[in-house]
Amino acid sequence: MAIKELHKKLAAHEISAAELCKSYLEKIKASDPEINSYITVCYDGAVKQAEEAQKRIDSGCDDILCGIPLSIKDNICTKGVKTTCASKILEDFVPVYDATVMEKLNAAGAVMLGKTNMDEFAMGGSSQTSYFGGVHNPFDTTRVTGGSSGGACASVAAGFCAAALGSDTGGSVRQPAAFCGVTGLKPTYGAVSRYGLIAFASGLDQIGVVGDCAEDCALVLDVIHGKDPSDGTSSYLAKGNYTSRIGESLKGRKIGLPKEFFGEGISSEVRESVMNAANFYKDSGCELIEVSMPSLKYAVSAYYLISSAEAASNLSRFDGIKYGYRTKDADSYNELIKKTRSEGFGDEVKRRILLGNYALCSGYYDAYYNNASRIRKKIIGEYADIFDKCDVILTPTAPTTAYKIGQQENDPVKMYLADICTVTVNIAGLPAISTPCGYGSDNMPIGMSLVGRAFDEAQIVSLCDAYEKSFERREVKR
Amino acid sequence: MRYVPVIGLEIHAEMLTNSKVFCGCANEFGGAQNDRVCPRCSGMPGTLPVVNQGAVMLAARAGFALECTVNNYSAFDRKNYFYPDLPKAYQITQFQYPICTNGHIRVCDTDIRINRIHIEEDAGKLVHDDYEGISMADYNRCGVPLIEIVTEPDFRTVEQVQRFVEEIALRLKYAGVCDSRMEQGSLRVDVNISIMPEGSSEFGTRAEIKNLNSVKAIGRAIEYEISRQSEILDKGGTVVQETRRFNDNHGDTKALRSKEEAHDYRYFPEPDIPPVYISDEELDEIRRSMPEMPNMRFKRYTEEYSLPAEDAGLIIANKAFSDFYDAAVKIYPSYKQVSNLMLVELNRCLNDSGLSAEDLKFSPENLAALVKMSDDGVISKNAAKDILRTMFESGKDPETIAKEQNLIMSNDTGELEAIVDKVIAENQDSVESYKSGNQKVFGFLMGQVIRFAGKGANPKLAKDILMKKIND
């Protein structure tokens, strides 16, 4: 049920916030063992929050998220509630502070049902690298959810929450949203404070929203966006009001189709579904323009170099000295950090740390990190050229539908290449939204992405909303 | 063989901001361990650094104080290495785009070039408990804002290095950037030193001596290194590039780690902090707010005020003292007299009491008035010293003190003449003796006059009258 509907029911006292919260908690308790979308469920805390929210509703509070139950990705710090990043190294880590987004959600009266599963430290596209076990796709539990916000997207798809916060560094909100048949919004870099989001790649990370529809994502973004004095990279340009253009005529809007996103490696049924959506827009009065992004072929390499370099540095603080896992026996400081990190991190995280440090080593820095930064500038330039001609860009979200668990995880390079459709958006810091636009022969959802100009979330939300109203979504059968 | 040392410095100075450079914790010295620590400076997951604009401002002031170019654009980088006193396992510093570049300071008639000044954060401290066999981390110092001043290898003598460090310490104090308390570690010096045969222009392999915390230690460490490296070369050996630690008790240096063991810091642009832009207008504003630097004051004192170099040097050595002097001579420009009174009498008071020039109870106006009274002959020079001491203790103005202590010199000729007549009448023998050529007796007679006339008597006037009457 859409947030607006839930809000109406709460406001009309058709249901109490606590009842609503408990109904989700019961569903989680009954069905999540199959899905494994939550790492921590706040059975007591959520009900308490709901009761507080109810008091506010009773005293006339009309805040849209008051009493609305949400799930939070487990890399967002929640004061007093375990925040693990799905890693052994933070298995028992309880933050002493709330992320800025949590402060905002708490102030808005939202209810946190629990913390969702993910790829360890958000590194991955399958949600199978979690220390707490992989996440299963609610459409077909033998398939992956995508990742890294697989728990967030599965929790929305399975009806284990009204909406979810995820994080998106290279597609981590949009790709699992596509695989799970829900809507995922990755805001402009700087639109949402990163304070309290445990960093993977600081220059690319952005907290995003997963929901049943574009409007739900926009409503949550309205609450969490904005300049934050605690995050120097957050921006005054994030103005909110992200639902303001919903319902406007689509006539004359210019939609760019970058040809490189529809080429080799994209499955034909994905291509077909996205082109169908393009035709929907054409029929609605939009102008379709073929555009080009020649540097796309370098994007995945540049993305993995930059993100791994930043990750290697960001993850250095996990040394067993201050918090988190510490090896049982070590005779020296060097042995302590070596063993702690060897035992505490999973393989994929170690792979990125090695790759990142290699790219930053003196002697290799120019060849790797600097060249990647140059490609980054090129991609930003190519997006700017496209946005001279277009209002938004339409692309597939992922080359394929969700694959079988165990099918791809052993081939990291193949996994990395599957990020081709999403990484450029992070590299350029742009907003994008993914929504289902079809189903494959395997009955799994297919996603398309609308990419907008920086801080123009209202535009992509409105275009996405118009499409969603015409598209018949399949519900998860449970 | 005779060798010439080639020396370059890296100076770390803690900046006098109220809070730390990337969080709101207080920037103070001392206190209980881990008393000034928050999620940010202890590197808790998810926290982000936010630049303290006050630190940027002070770093810019350091740039102007040390005659650097202060750049409109600067940016932060990460320096990555593991150490338990570094909670994030990287230090935020400025590598590629430092805030200041291209400075120069003249000492001992030599131009010393400053390559750069950059902003960075300090690390914490480890406390080792040998009894328990454990080490503990104190993060109070984590995130204390530093500037690092890097010179070119332009020094050739110990004297140049020591004068340079003193000059830097003083200028940073004048600019309000650093309190320059080397003994507390707020100013620390790393010395890079190599030697080359006299007449050569090819630099040798350098050693880096870390964390010297007094001008004297810098001198001793350099002397030791010169002899150590000379000995190696004389024996046909080669100096190894390495980092060394100076031991103040033994007066020697010991190797810490060699070049091979040196870290690869894997610097890269800090993605959590946007670059720093300072507009030309802002830079102008900072420049206009800069106080006169001690070297310019020295020039003014010696050239315009004609003070001896030694006196000028003593005055500028303490900014508050020098400010006080400037304020006093602005009111009453008796440069030498004000200087004398401050350097001798006031300094004696300060030394005796242990107070500093900031603590003075009286104003520059009071001091100017006192010197004027002395110059005008209202009080005697000796009385001026006594009055200054009373001013120092009580904060009263000099006129009041002079009156209370009856130190205003009497210029009443009639009264003095009467006294002189009386002294002559009562000491006829001495008068005769003087007249017959015994000049020494005049002193005795003057003493008698002052005895009757009291301290307030104008000694010059008394002398004139006595001389006149005795010769009549």
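A pocket is taken here, on a 1 Å grid over the protein atoms alone, as an open set of points with protein on both sides within 12 Å along at least five of seven lines, whereas a cavity is a set of points where a 1.4 Å probe fits but cannot get out; lining residues have an atom within 4 Å of a point. Grid points are joined across faces, edges and corners, and a volume is the space filled by probe spheres set on the points. The model is predicted, so that local features need pLDDT of at least 70 and side-chain atom pairs count only at pLDDT 80 or more, while totals for chains, interfaces and linings use all residues. Residues are numbered from 1 along each chain as its sequence is written, and chains are lettered from A in the order in which they are written.

The second largest pocket has a volume of about 950 Å³, and among its 32 lining residues Arg376(A), Pro269(B), Glu270(B), Pro271(B) and Pro275(B) are the closest to its centre. Of the helices (DSSP runs of H or I, at least four residues, numbered from the N terminus), H12(A) gives the most to this lining, with seven residues.

Across the whole structure, seven cavities of 30 Å³ or more are found. The largest holds about 130 Å³ of space, and its 13 lining residues include Phe22(B), Arg40(B), Cys41(B), Pro49(B) and Lys88(B), which are the closest to its centre. The second largest cavity has a volume of about 100 Å³; it is lined by 17 residues, of which Gly124(A), Gly170(A), Ser172(A), Tyr303(A) and Asp419(A) lie nearest its centre.

How values were computed:
Side-chain values use heavy atoms; hydrogens and water are left out. Helices (H or I, at least four residues) and strands (E, at least two) are DSSP runs, numbered from the N terminus.
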